[in-house]
Amino acid sequence: MDYVPHVVAWNLTRRCNLECAHCYIAAGPREDATAELDTATCLDIVDQLLGVNPAPMLILSGGEPLMREDLTQIARYAAAKGATVVVGTNGTLLTDERIGALKHAGVRGVAVSVDSLRPSYHDNFRHGKGSLAETRAALARLAARRLDFIIQTTVTKGNRAELGALVEWAAAQGAVSFNCYFLVSTGRGASLTDLAPPEYEAVLADLARWQGQYRGRMLVRAKCAPHFMRHVHQADPESPVLNYGTRCPCGTQYCRITPDGKLTPCPYLPEVAGDLRTQSFAEIWRWAPLFRQLREGQLGGKCGACEYRRLCGGCRARAFALEGDVLAADPSCVYEPAPGAPVIEGVREVTYGAEFRPALTWTPAARQRLERIPSFVRGVVIQRVEDWAQRQGQDEITPELLAEVRQALPIDFSKRKPFFVTDE
């Protein structure tokens, strides 16, 4: 198949100790576990997913996933079978004990939400007094335990002015990435006022500048705003961000599992492609009409005419939320396509998600390390390692050479050594 589920987001629960204003799944303290999949069903779904892709990135989220007692059991099972497991959390429940349990279960990283450095804004936005202080304390514990973390911020009119300060603060905390989310009008987020399209452009331009400024220290990315790729392409053609050689990946490289087992193209696109209680993951992923529409359908409006349609393509979730059509033009974009301009594609020979067969010999020990890499980055890693080896006149990849690469190659997302060459 040309389409592989490289990244799967799994909302394990709607239960949450907070009640965030923008929550796409409308989670909160009043939810219960009645409709959640039980542990045995979750483990079976893990097996089904790994049957389609043996090395996905699996994002365990909620609601608040730490409210599920079997979170570490699910994480341990998936990690032991080959998935790269990360956890998305509001951070308030990340005690030393919970962090230790997650790390012992094989969790490779944690995504933590921080929407402002002002308690008055963050705590109000998330409906939890003292939540910012608890989350900041948790980040210190993650750093002490050497468990990688990402800072995630949803940009709104209320925090737009401090976005630069948030990026700088995230880097100072040791985050491997700063993910700036743009609101999609779904769940409780449907009642919020989004940034106007010209404000999108201004924020995306800032993010494009910051991703260059923090390169080698922290990855800076936009989420739910694929037109970020246009900004990066225009401002920084050498950026590693352009290794994402795909338009919005929902339904093509990415999907979401709901707490009750439905499969959707992404967390922000609630249209159901199938039900894992009655259908297999493989059946839905390969044959669901919604997924096939996203893969084979023609983009509408100016998204379909834009020269950046392969690199960007607009947010499919926002198109659905505001236009009722997954293939409609993204209403948040102000860019006007250049008439007759050639389609921009092939920015990188090998991109994230692309298969790249090794040209050099990899020793068994080096191949073992290679197998730990999530499928969506494996091709890029192989190419970078082999390009470096050939420049050094080497024709065999060994663990020792990987250690040399670790010292010689600039790291796109962190100054710390990347996990594919760790000694652990």
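In what order do the 10 strands of the open sheet run? Keep that in mind as you open the model, which is a predicted one.

**Stop 1: the sheet**

Colour the strands by number and read across: the order is β7-β6-β5-β4-β3-β2-β1-β8-β9-β10, and the pairing is mixed. At the edges you will find β7 (219-223) and β10 (274-275), each of which pairs on one side only. In general, strands of a sheet pair through backbone hydrogen bonds, either parallel or antiparallel.

For an antiparallel example, select residues 254-257, which form β8, together with residues 262-264, which form β9. Two bridges join this pair of strands. Show side chains here and pick Arg256: the residue standing opposite in β9 is Thr264.

**Stop 2: a helix across the sheet**

Now select residues 39-52, helix α1. This helix lies across β1 (7-11), β2 (57-61) and β8. Relative to β1, helix α1 runs at about 165°.

How do the axes of α1 and α2 cross? They come within 10 Å and cross at roughly 20°. The cut-off for roughly parallel is an angle under 35 degrees, so α1 is roughly parallel to α2. The crossing of these two helices is right-handed.

To see the contact itself, show these side chains:

- from α1: Thr39, Cys42, Leu43, Val46 and Asp47
- from α2: Gln73, Ile74, Tyr77 and Ala78

Sorted by class, the α1 contact with α2 has six nonpolar, two polar and one charged residues.

**Stop 3**

Go to Ser61, which is found in strand β2. Is Ser61 buried or exposed? Its relative accessibility is 15%, so Ser61 counts as buried. Leaving aside residues up to four places away in sequence, Ser61 touches Trp10, Asn11, Leu12, Thr13, Tyr24 and Gly88.

Next, zoom in on the backbone at Gly62 and Gly63. The peptide bond from Gly62 to Gly63 is cis, with omega near 15°.

**Stop 4**

Select α3 (residues 96-104) and α5 (residues 131-145). These helices pack at an angle of about 45°, with their axes 10 Å apart. That angle makes α3 oblique to α5.

Which residues meet here? On the α3 side they are Asp96, Ile99, Gly100 and Lys103, and on the α5 side Ala138, Arg141, Leu142 and Arg145. This contact divides into three nonpolar, one polar and four charged residues.

**Stop 5: two positive phi angles**

Step back to the loop between α4 (119-125) and α5, where His127 sits. His127 is not a glycine, yet its phi is positive, about 55°.

For another case, select Cys224 in the loop between β7 and α8 (228-235). Cys224 has a positive phi of about 65°, again without being a glycine. With a relative accessible area of 19%, Cys224 is buried.

**Stop 6: towards α12**

Pick Arg309, found in the loop between α11 (301-305) and α12 (316-323). How accessible is Arg309? At 29% relative accessibility, Arg309 counts as partly exposed. Its contacts, not counting residues up to four places away in sequence, are Arg247, Leu299, Cys303, Gly304 and Val343. If you draw a distance from the C-alpha atom of Arg309 to that of Pro197, the separation is 18 Å, for residues 112 apart along the chain.

Move on to α12 and highlight its buried residues: Arg316, Ala317, Arg318 and Ala319. What covers them? The cover includes β6 (177-182), α7 (197-213), α10 (289-296) and α11. Finish at Gly324, which follows α12 and has a positive phi, near 75°.

Terms used
Residues numbered from 1 in each chain as written. Predicted model: local features only at pLDDT ≥ 70, side-chain atom pairs only at ≥ 80, totals over all residues. Heavy atoms only, no water. Pairing = 2+ DSSP bridges. Helix = DSSP H or I, 4+ residues; strand = E, 2+ residues; numbered from the N terminus. Contact = heavy atoms within 4.5 Å. Axes fitted to C-alpha atoms, helices over the stretch in contact; angles between N-to-C directions. Parallel < 35°, antiparallel > 145°, perpendicular 65-115°, else oblique. Nonpolar A, V, L, I, M, F, W, Y, C, P; charged D, E, K, R; others polar. Buried < 20%, exposed > 50% of the residue type's maximum accessible area, 1.4 Å probe, protein only. Left-handed = near helix turned anticlockwise from the far one by under 90°.
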